[in-house]
Amino acid sequence: MPHFFLNKRLIILLISLIVLVSLIGFSLRDKDNISKPEQFFKDVVGFGQSIVSRPAHGIANFFENVEDLKNTYTENKKLKSRLEGLAKLEKEIADLKKDNKELRSVLKKTEDLREYETIQATVISRNPERWDEKFILNKGKNSGVDTEMAVITSKGLVGKVVSVSPMTATVELLTSENTQNRVSAQIQGKDEIYGLINGYDADKKLLLMKDIPVDKKIKEGQNVITSGLGGVFPKTLDIGKVKSVEMDRFGLTQIAYIEPSAHFYDFEHVMVVARTMGKQTNLDKGEE
């Protein structure tokens, strides 16, 4: 019996090989002469392949899309960093253009430069009582500093010198409550508008420009500078910009609220402005 089953298995294996060779032969025949069983077989196989291939292609496309998203995200980060660098570059270019414009205007106004000179100084002491609004500089008479001279920072006017010693000077800020601390000012525009910087609104943090004629039209954002009148400060020192305007309590003049250009409590280095316009030199006096 075992010998019989062994022969039977061998016969089945041979028959299977014959069938396989026959199928291979059929598949290698001319494609124009395909039998109906072969056509049916190919259709069934093709249908099965289509069923399997669609999900496979879908999965493959999904992973390709994920990879594309990753690449897009990386490229987006690079582009953002470049845009940030571009924005910074644009700001630097704008600043350079502004500096260039200012330097060109300065070169055209040599007469204005001769009207005053500056003395560099450093704040060495400040009264802790804010109402006093004074500070002391490390330059005095020996350095050419005198009373009534304007004191500015790189941003604008902050006050004036009220007393001097040989080595130091005391400066009173524009924000002082001293009613005698006045500055002749001008609002720039088509019309010449003059008034006095006299007072400070601590709540609004705005300077008060008073004694403005009622018939003068003032707009928010107009520049305010020193007028040069009164013989104390030179002209065109930056004070600030108009924030708002209202009538005084008597209805006789206008009061402009000025947003100062300079910060009054955050600086260490200043410039004392020595007005030279109108002063005679040794050559003017005929002295050798």
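Select L14 first: this residue is partly exposed, with a relative accessible area of 46%. Here, buried means under 20% relative accessible area, exposed means over 50%, and partly exposed lies in between (1.4 Å probe, protein chains only). The model is predicted, so local features need pLDDT of at least 70 and side-chain atom pairs count only at pLDDT 80 or more, while totals for chains, interfaces and linings use all residues. Residues are numbered from 1 along each chain as its sequence is written, and side-chain values use heavy atoms, with hydrogens and water left out.

Next, select residues 2–27, which form helix α1, where L14 is found. Helices (H or I, at least four residues) and strands (E, at least two) are DSSP runs, numbered from the N terminus. Accessible areas come from the Shrake-Rupley method with a 1.4 Å probe, and for residues only the protein chains shown count as cover.

Select residues 183–187 (strand β6) and 193–201 (strand β7), which pair in the antiparallel sense over five bridges. Two strands pair if DSSP finds at least two bridges between them. Within this pair, Q186 stands opposite Y194 of β7. The two strands, β6 and β7, form a hairpin with five residues between them.

Now extend the selection to residues 206–213, strand β8, which pairs with β7 in the antiparallel sense over four bridges. Show I197 and its bridge partner in β8, M209. Four residues lie between β7 and β8 in their hairpin, and K205 in the turn has a positive phi of about 60°.

**The whole chain**

Finally, select the entire chain, which has three helices and twelve strands. Of its 288 residues, 26% are buried. The accessible surface of the chain comes to about 20,900 Å², and 57% of this belongs to carbon and sulfur atoms.

Colour the chain by pLDDT, the predictor's confidence in each residue from 0 to 100. The average is 77, and 67% of the residues score at least 70. Over residues 109–114 the pLDDT is below 50, and this stretch has three contacts in the model beyond near neighbours in sequence. Contact means heavy atoms within 4.5 Å.
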